[in-house]
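This report concerns the pairing of oppositely charged side chains in a protein model. The sequence and the structure are shown first.

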Amino acid sequence: MTIKVLLVDDERLIRAGLAAIIGAEPDLTVAGEADDGAEVLDAVRRLRPDVVLMDVRMPRLDGIEATRRILAAVPDPPKIIVVTTFENDEYVYDALKAGADGFLLKRARPDEILHAVRMVAGGDTLLFPAAIRALAAAHAPRGDAAAWHAKLTEREADVLRLMARGRSNAEIAAELFVSPQTVKTHVGNLLAKLQARDRTQAVILAYETGFVVPG
């Protein structure tokens, strides 16, 4: 199936560059474009994209609030990747907490952009462990890590630690010597126990509670 991508950025040249990269791929297509977060919800409802590539900083409505609005109003929301100039951008952390599925740097290579789109469209998380650790380090842990840990089985805890390192299901399966389907089951169980929307939310929670320690 073709993956439909909505491009959201206030800079026309950025949108044009992304459109050229995505439009050249047989399995990807540009569903549409928007130049501000204020236009995104309407565009998502009209165009039904699979993935939204969205600038995190925009003049009228930033990518954080746009992400919140999409997830609150759209029953089957698209995957959202926020795009930023700086990997230590506080906006990125807030966007991930709001429900974005990952982030990309504007200087990312074309192959990295294409990999990111395909990865989140396939249900995986787009995390850069070093950058997430740096962002998480600026936030003091809150809550009781031990009590939080008690919610999970040992194997689920192992899976979450590897998720926090940016591992895919296939990589986790190889490291734990289990099948990818078993990993998928563990991921589903731990998301339900932690009441996390997705893998990104679970990793953010892991850092914020101190279950996973940056460094």
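Predicted model: local features only at pLDDT ≥ 70, side-chain atom pairs only at ≥ 80, totals over all residues.

**Overall count and a network**

With a cut-off of 4 Å between a side-chain nitrogen of Lys or Arg and a carboxyl oxygen of Asp or Glu, the count comes to 20 salt bridges. Salt bridges also join into a network, which links Asp9, Glu11, Asp55 and Lys106.

**Individual pairs**

| Pair | N to O distance |
|---|---|
| Arg15 and Glu33 | 3.0 Å |
| Glu112 and Arg109 | 3.2 Å |
| Glu65 and Arg69 | 3.5 Å |

The salt bridge between Arg15 and Glu33 connects two elements of secondary structure: Arg15 belongs to helix α1 (residues 12–23) and Glu33 to strand β2 (residues 28–34), so this pair ties together parts that are 18 residues apart in sequence. Arg15 is buried, at a relative accessible area of 11%, whereas Glu33 is partly exposed, at 42% relative accessibility.

The pair Glu65 and Arg69 lies within helix α3 (residues 63–73), where the two residues are four positions apart, about one turn of the helix. Glu65 is partly exposed, with 27% relative accessibility. Arg69 is likewise partly exposed, its relative accessible area being 40%.

In the salt bridge between Glu112 and Arg109, Glu112 is partly exposed at 30% relative accessibility, and Arg109 is partly exposed at 46%.

Terms used
Residues numbered from 1 in each chain as written. Heavy atoms only, no water. Buried < 20%, exposed > 50% of the residue type's maximum accessible area, 1.4 Å probe, protein only.
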